[in-house]
Amino acid sequence: MKLNIRKNMMKVLTIGLTSAILLTGCGEEPFAKVNGETISKEEYQKYLDFTYANVEARFGEGILDKEMAPGKKGKDLIKDQLKEELPRREAILQYAKKNKIEVKDADLNKEFEKIKKSFKDKEFEEFLKSAKIDEKGFKEILKVDMITDALRKKLMKENKPSEEEIKKYYEENKESFDTVTASHILVESEEEAKEISEAIKGGANFEDFIDKSIDEASKAAKGSVGEFPRHGKMVEEFSEAAFAMEPGQVSDPIKSEFGYHIIRLDGKKTGLDAVKKDIEQSIESEKAMEEMEKIAEDAKIEVLMKEDKKEEKKEDKKEDHKEDNKAAKKDDKTEDKKEDKK
């Protein structure tokens, strides 16, 4: 469980880092220098607060103080990652600025309203408060995120793959790209499954039998289990049968550890021609990310902020205080027992 939370937290942090507040510090204590430009410690702290709030909003209060790695709490992992990634993102933003990549105010406001509406009631205001920023500050963060994304899309357009690259990529990753879309009815007995399968093949509507399914999740989606690859998402018996079918076909009963499935194939994307567009986008995205990584690696980065020992000392004092209280309570109990004996 700890490992899953840690992975999710790193995902949140990685996504969030594309929207860091990276302004040049003027006369403030420096956090880092990137190609001679300064990121102030104040800006680092602003973004640290924002990330803390983001993580807590997604995973609940207390997540920052949970141990995620030996001797490392959630907030420690965020700090470590932030110190590494923040300067790298600044290098990428400097590159975007040199290449005149900008975001229009109209597009920024549209995206801002879209995000704001995704929150319920006063959740957005509460989030801003916990992140210690106002709407203007949030827009600054969002603008940087949009600039970074615009750069990524530009680099994707400049890295169109050749036909040979596409073919090779497909052969190496075909099991990830080949997919089918299906619906099913799951029942407990083979006899009932046979009756349903024969009825549907005889002309009855698949939808008329969905209420008999014991799979509540797919039942709520009219029997649909969505799109899935050959391996990893569905049980092997189900996947093997589905990939052997053609769209519109209904299966005989398929036995798995969950019961008996009657599968209807709703769609199929297999073979290079069917997934070519997806492969092009994957290659373009990978090449764009490689270029962005190179931009960061080629930058001159100096992290100037020293480790903050004050916070560590405060934590140590808290722990010592807790131990002292425990010891005092223990002594009090011992004295009470002595008094009782007397």
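This is a predicted model: local features need pLDDT of at least 70, side-chain atom pairs count only at pLDDT 80 or more; totals for chains, interfaces and linings use all residues.

Me: How many helices and strands does the protein have?

Reply: There are 12 helices and 9 strands. Helices (H or I, at least four residues) and strands (E, at least two) are DSSP runs, numbered from the N terminus.

Me: What share of the residues is buried?

Reply: Of the 342 residues in the protein, 37% are buried. Buried means under 20% relative accessible area, exposed over 50%, and partly exposed in between (1.4 Å probe, protein chains only).

Me: New topic, holes. How many cavities of 30 Å³ or more are there?

Reply: The count is 1 cavity of 30 Å³ or more. A cavity is a set of points on a 1 Å grid over the protein atoms alone where a 1.4 Å probe fits but cannot get out; lining residues have an atom within 4 Å of a point. The largest cavity holds about 60 Å³ of space, a volume being the space filled by probe spheres set on the points, which are joined across faces, edges and corners.

Me: Which residues line the largest cavity?

Reply: The lining is made of E85, R88, R89, I92, M289, M292, E293 and A296. Helix 3 (74-98) and helix 11 (272-298) are the elements that give two or more residues to it. By class, 4 lining residues are nonpolar, none are polar and 4 are charged. Here Ala, Val, Leu, Ile, Met, Phe, Trp, Tyr, Cys and Pro count as nonpolar, Asp, Glu, Lys and Arg as charged, and the others, Gly among them, as polar.

Me: K79 sits in helix 3 too. Buried or exposed?

Reply: K79 counts as buried because its relative accessibility is 16%. Its C-alpha atom is 9.8 Å from that of Y44, 35 residues apart along the chain.

Me: How many aromatic pairs does the structure hold?

Reply: It holds 12. Rings of Phe, Tyr and Trp (its six-membered ring) pair if their centres lie within 6.5 Å; planes under 30 degrees apart are stacked, over 60 edge-to-face, and the rest tilted. F228 and F238 form an edge-to-face pair, 5.9 Å centre to centre with 65 degrees between the planes. F228 is in strand 6 (residues 224-229) and F238 in helix 10 (residues 236-243). Both residues are buried.

Me: Which residues form the aromatic cluster?

Reply: Y47, F50, F112, F119, F124, F127 and F138 form one cluster.

Me: Last one, the loops. What is phi of K100 near?

Reply: Phi of K100 is near 55 degrees, a positive value in a residue other than glycine. K100 lies in the loop between helix 3 and helix 4 (105-117), and K100 is exposed because its relative accessible area is 71%.

Me: And where is D121?

Reply: D121 is in the loop between helix 4 and helix 5 (123-131). Its phi is also positive, near 45 degrees. D121 counts as exposed because its relative accessibility is 78%.

Technical notes
Residues are numbered from 1 along each chain as its sequence is written. Side-chain values use heavy atoms; hydrogens and water are left out. On a 1 Å grid over the protein atoms alone, a cavity is a set of points where a 1.4 Å probe fits but cannot get out, and a pocket is an open set with protein on both sides within 12 Å along at least five of seven lines; lining residues have an atom within 4 Å of a point.
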